[in-house]
Amino acid sequence: MDKRTLFMTLMLAIAIGGGAALLKDAWIRRNDPSRNQNVYDHMGGDFSLVHKSGPFSLEKLKGKPSILYFGFTSCPDVCPLALNTLMGSLDSIDPEVHKKINKVFISVDYKRDDKDKVDEYSRYFATDFVGLTGEKKEIERVTKNYGVHFSFVELKDSKLGYTVDHTSRFFILNKQGKLVASFTDVKNDPDFKKTLIEVL
Amino acid sequence: MKRMILSFGLLLAQATFSQTITNAWVKRPIPGVKLTGAYMLIENKGSQPFSLLKVQGPDADFYEIHTHEKKDGVMKMRQLQSLEIPANSKVELKPKSFHIMLIQVKKNKLLPETKSTSLTLLFSNKKEVTVKAQVLNRKKRED
């Protein structure tokens, strides 16, 4: 191998390596919504769910920013901890700030959670917390649109019968109801507060 | 002599399976929800592992041993048939991890004014231990 061929081979190797690294980076960004703003342009959107007071669509949230969380009321600690942490985090910005934000809990457990149950559960965390549920088809549609995974899992020997595996993530909507960001950690991620201040 | 061997054997058995349970507490259920969790620290000071097999108490129809795992951002809760406490180690039952799940919490139990309750734990070494557990509110607006 002469010097020229060696040089060309080396350059080619570097180019391939660099290209692979760039591709990997792009792949990571594409698969983590929190790292890619543009991904939200194709996520979120309207829904027709049910509140204790009646039908509830995205329209009712417009005018204030919103935080959405998907879970189920029989969730023993993940959902309550997440919602408590959210309230604590909002209070740490300003004890009054939560009044300027719609806080929404959407139950994906359409088999067990009716609108009254979800309402009572949600209002435990804040009196103006909005609890929503809906029919199977609509829950499937809204979760798909917001990139939320949920699945019913049979617990063979448990008196619970089944549990619901679900994504634990908070979705931030601006005053126009557009999804702008999502977070798994609303306590320690500095971008959460930054995003909230931006949408307020 | 026989008696001596027997008592020595008993003493040995006790030393091998020495367990202590501390910080037992039950979360006060959210209004309208008939489920909640119980937590504690189980320590095995002995040289043999043992397992928690069953839990009973006065507040719910059923007590089950559960765990949580997080995979790809998805939270999964699963029932365990038993929970092993390895030799010379501690296992903590805590939120988002191992816990005792109280199912069908009874009426007039774990009320806002209830300060404490009890949990009876059955271990694989045939030991049954009843502990006092504090009934605590979920830390509102805190993690």
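## Where the two chains meet

In this predicted model, 30 residues of chain B are in contact with 33 residues of chain A. The size of an interface is often given as the accessible area lost when the parts come together. For chain B and chain A that buried area comes to about 2,900 Å², and carbon and sulfur atoms account for 59% of it.

The rule finds 3 salt bridges across the interface of chain B and chain A, one of which is formed between the side chains of Lys27(B) and Asp77(A), with a distance of 4.0 Å from N to O.

## What chain B contributes

On the side of chain B that touches chain A, four strands of chain B each supply at least two residues, namely S2 (35-44), S4 (60-71), S5 (74-80) and S8 (99-105). Of these, S5(B) gives the largest share, with 6 residues. Sorted by class, the side of chain B that touches chain A is made up of 12 nonpolar, 7 polar and 11 charged residues.

## A strand pair across the interface

Strands of a sheet pair through backbone hydrogen bonds, either parallel or antiparallel. Which strand of chain A pairs with S5(B), and in which sense? The partner is strand S7 of chain A, residues 162-167, and the two are paired in the antiparallel sense over 2 bridges. Within this pair, Thr167(A) is found opposite Val74(B), a residue of S5(B).

## The sheet of chain A

Chain A has an open sheet of 5 strands, arranged in the order S5-S4-S3-S8-S9, and the pairing in this sheet is mixed. Its edge strands, each of which pairs on one side only, are S5 (130-132) and S9 (179-183) of chain A. From one strand to the next, the twist averages 25°.

At one end of that order, strand S8 of chain A, residues 170-173, is joined to S9(A) by 4 bridges, and these two strands run antiparallel. A particular example is Ile172(A), whose bridge partner in S9(A) is Ala181(A).

A helix accompanies the sheet as well: helix H2 of chain A, residues 78-93, lies across the strands S3 (66-71), S4 (102-107) and S8 of chain A. The direction of helix H2 of chain A is at about 165° to S3(A).

Conventions:
Residues numbered from 1 in each chain as written. Chains lettered and ligands numbered in written order. Predicted model: local features only at pLDDT ≥ 70, side-chain atom pairs only at ≥ 80, totals over all residues. Heavy atoms only, no water. Contact = heavy atoms within 4.5 Å. Buried area = accessible area lost by both parts, 1.4 Å probe. Nonpolar A, V, L, I, M, F, W, Y, C, P; charged D, E, K, R; others polar. Pairing = 2+ DSSP bridges. Axes fitted to C-alpha atoms, helices over the stretch in contact; angles between N-to-C directions.
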